[in-house]
Amino acid sequence: MMSIVNDILSNQILITGAVCWLVAQVIKTLIYLVVNRQLRLERLVGDGGMPSCHSACVAGIATATALAEGIRSPLFAIAFFFAIIVMHDAMGVRQETGKQARIINDIVEEIRERGITIMSMSPEERLKEFVGHTGTQVCVGAVMGILSALIQHFVFYS
């Protein structure tokens, strides 16, 4: 069992991805705190917002893979295209889902204010609006992931 834990903890690519995700989530929470003047700890694990943690994670993984395996390796090719697909999805389908959720929540609230009951959805069951990302959020997340992977590589693995 300890050898499995040691193997996981010595996996440069895995650790880099986890650190990239964690750093981006903490920064996202701090940005939310500064902008909205309220601490919402659920932002530590929530989707959406600045920066994109998905982008930071996959860009960090792709960068760590390039550094560990080389840019000519099949593993880097897989990681690179996986990152592109995840970042594209964050800006496309997931962002549209968030926009639709916001509109549906507004419609339900308007109907509720008029005293009409159309569904049994409580106010706490609102659809999640923080789902996708803008292009800027994705780019900032990707840059953070790349820089974080480079720093981790040269500080801990070189």
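User: Where does Thr63 sit in this thing?
Analyst: Thr63 is in helix α3. Just keep in mind that we're looking at a predicted model.

User: Okay, and is Thr63 buried or exposed?
Analyst: Thr63 is buried: its relative accessible area is 14%, and anything under 20% counts as buried.

User: What does Thr63 touch, if I skip residues up to four places away in sequence?
Analyst: With those left out, Thr63 touches Ile146, Ala149 and Leu150.

User: Switching to helices. How do α3 and α4 cross?
Analyst: Their axes come within 9 Å and cross at roughly 165 degrees. Angles over 145 degrees count as roughly antiparallel, so that's what α3 and α4 are to each other.

User: And which hand does the crossing of α3 and α4 have?
Analyst: That crossing is left-handed. On the α3 side, the residues making the contact include His54, Ser55 and Val58, while α4 brings in Leu75, Phe76 and Ala79, among others.

User: What classes of residue are in the contact of α3 with α4?
Analyst: There are 12 nonpolar, 3 polar and 1 charged residues.

User: New topic: where's Ser52?
Analyst: Ser52 is in the loop between α2 (12–36) and α3 (53–69).

User: Is Ser52 buried or exposed, being in a loop?
Analyst: Ser52 is buried, with a relative accessible area of 0%.

User: Which residues is Ser52 in contact with, apart from neighbours within four places in sequence?
Analyst: Ser52 is in contact with His133, Gln137, Val138 and Gly141, once those neighbours are set aside.

Key:
Residues are numbered from 1 along each chain as its sequence is written. This is a predicted model: local features need pLDDT of at least 70, side-chain atom pairs count only at pLDDT 80 or more; totals for chains, interfaces and linings use all residues. Side-chain values use heavy atoms; hydrogens and water are left out. Helices (H or I, at least four residues) and strands (E, at least two) are DSSP runs, numbered from the N terminus. Buried means under 20% relative accessible area, exposed over 50%, partly exposed in between (1.4 Å probe, protein chains only). Contact means heavy atoms within 4.5 Å. Axes are lines fitted to C-alpha atoms, for helices over the stretch in contact, and angles run from 0 to 180 degrees between N-to-C directions. Angles under 35 degrees count as roughly parallel, over 145 as roughly antiparallel, 65 to 115 as roughly perpendicular and the rest as oblique. A crossing is left-handed if the near helix is turned anticlockwise from the far one by less than a right angle, and right-handed if clockwise. Ala, Val, Leu, Ile, Met, Phe, Trp, Tyr, Cys and Pro count as nonpolar, Asp, Glu, Lys and Arg as charged, and the others, Gly among them, as polar.
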